[in-house]
Amino acid sequence: MDTQLEERTVGELDEQAFSAQAERHRRELHVHCYRMLGSFQDAEDAVQETFLRAWRRRETFEGRSTLRAWLYKIATNACLDLLDKRRPEPATGGEVMWLQPYPDRLLDELPAADADEPEVVAVARETIELAYVVAVQHLAPRPRAVLILRDVLGWPAKEVAELLGDSVNSVNSALQRARAGMREHLPAERQEWTGAEDDADNRELVRRFTEASVGPDLGALATMLRDDVRYSMPPYEGLIVGRDAVVADWTANGYPEMTGLRSVVTSVNRQPAVGYYLWRETAGAFLPITIDVLRISGGAVTEVTIFGQEQFALLGLPERLEVDGDE
C-alpha cells in the first residue's frame, strides 16, 4: 500500500532502508520508463538512475506527495534527460528499431488494476501493447511524458505541470498534440486477445498459427493473416504491409524450406507470442532463433513483430530444447 512519508522520515533512512522503500515501486517505475523509451534495457538504466538520484536527493523530499509520486517525477525526468541526449527516430516506415518486448511474467508483478473498473483494466492492458509503445515513440519527449502521466497514470494536469515545470495550459496543449499524434499511429481497432481460458477462438487461432509455423505451412499461415497485416523485425528497418507482401518476403527468405523447427508459446506485452527453435546438429538440440509476437483483431492476425534470439533469456524461454524420447 502506498503511504505518505514525512520529509524527516525519508531523510533519516539509511541507504538499506531507503532502498527497501524504493524497491517496492521498481516494477511500475520500470514499466513507466519502458513506455517512455520503448526499450527494456533503456528502462532498466533509467530506473537505476532514478534510484541513484532519489538517494542523493532524499533531503529534497518534502512530504507534500507520496514517495511513489516523488519517484515517478524523478523517473520521468531521468527518461527526458536520456531522450535529450540521444533521442532515436523511427524509420521512414514508422517502425521502431530499438523496440524490445516486455514479458508478461514481469507485468504480472504490477499492482493489480481495479477489477471493478473495466476501463482501468483495459487501459493497463492496451497501453503496454507493442502497437501503443511504438506509437508513443513517434511523439516528442515532453508531450510523450504528458500523455503517459495523464492518460495512463491518471495524474491531474496540475500535478503534471508541477512535475515538468510547465503551466497547466501548456500541459493541456501538449496532451492535445500527443493524442492527435497517437491517432495517426495507433490501429483503429482494439486487440481482441485476452489470454483468458474463455478466449477460446483466439487461443485456437494461436494454436493453429503455431502449428502451421512449425510445419512450415505457408499456405495455412496466409489464411490466418488479415489483408492489411503488418510485419516488422526490430532492430532491422523495413515495415512490410499486406498479406501478399508478407508471404512473398517470407518465401524469398527461404522460410518454406526450413525443417527441424520446434516452438514454445508464451506471452509478452499482453499479446500472444511464440518462441521458435531450430535443430542444430552440432549442439544435438533445438536452439533459439526468433520470437513472433502477434496482434489479433477480427479473428485474424493483424500484426507480426519478430524479435531475435537475444530476447529469449529476458522472456524466460528455455535456452535449448532437447530431443524427445520418441524422435
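How many bridges join strand S5 (residues 285-297) to strand S6 (residues 300-308), and do these strands run parallel or antiparallel? Eight bridges join S5 to S6, and the two run antiparallel. This is a predicted model, in which local features need pLDDT of at least 70 and side-chain atom pairs count only at pLDDT 80 or more, whereas totals for chains, interfaces and linings use all residues. Residues are numbered from 1 along each chain as its sequence is written, and side-chain values use heavy atoms, with hydrogens and water left out.

View 1. Six strands form an open sheet with mixed pairing, in the order S2-S1-S6-S5-S4-S3; strands here are DSSP runs of E with at least two residues, helices are runs of H or I with at least four residues, and both are numbered from the N terminus. Two strands count as paired if DSSP finds at least two bridges between them. Because S2 and strand S3 (261-268) stand at the edges with a single partner strand each, one side of each is left without a neighbour in the sheet. Neighbouring strands of this sheet are turned by 20° against each other on average, direction ignored, the axes being lines fitted to C-alpha atoms (for helices over the stretch in contact), with angles between N-to-C directions running from 0 to 180 degrees.

**View 2. Helices on the sheet.** Helix H12 (residues 200-214) packs on the sheet and touches S1, S3, strand S4 (271-280), S5 and S6, where contact means heavy atoms within 4.5 Å. The direction of H12 makes about 150° with that of S3. Helix H14 (residues 243-252) lies across S1, S2 and S6, and runs at about 45° to S1.

**View 3. Strand S6 and its partners.** In S6, nine of its nine residues are buried, buried meaning under 20% relative accessible area, with exposed over 50% and partly exposed in between (1.4 Å probe, protein chains only). Four bridges join S6 to S1, and these two strands run parallel; within this pairing, Leu225 has Val301 of S6 as its bridge partner. On the S5 side, Ser297 is bridged to Ala300, and in the hairpin of S5 and S6, which has two residues between the strands, Gly298 takes a positive phi near 60°.

View 4. Strand S1 (residues 225-233) is joined by three bridges to strand S2 (residues 236-241), the two running antiparallel, and Tyr231 stands opposite Ile240. The hairpin passes from S1 to S2 through two residues, and the peptide bond joining Pro234 and Pro235 is cis, with omega about 10°. Glu95, in the loop between helix H5 (67-85) and helix H6 (104-107), reaches with its side chain the backbone nitrogen of Leu239 at 3.2 Å. Glu95 is buried yet has no salt bridge, the nearest side chain of opposite charge, Arg230, being 6.9 Å away; a salt bridge is a side-chain nitrogen of Lys or Arg within 4 Å of a carboxyl oxygen of Asp or Glu.

**View 5. Backbone in two loops.** Most residues other than glycine have a negative phi, and most peptide bonds are trans. In the loop between S3 and S4, Asn269 has a positive phi near 50° and is buried, with a relative accessible area of 0%. Arg270, likewise placed in the loop between S3 and S4, has a positive phi of about 55°. Pro216 lies in the loop between H12 and helix H13 (218-224), and the peptide bond from Gly215 to Pro216 is cis, with omega near -15°.

Terms used
Lys, Arg positive; Asp, Glu negative; His and termini not counted. Polar contact = N/O pair within 3.5 Å; in protein donor to acceptor, adjacent residues only side chain to side chain.
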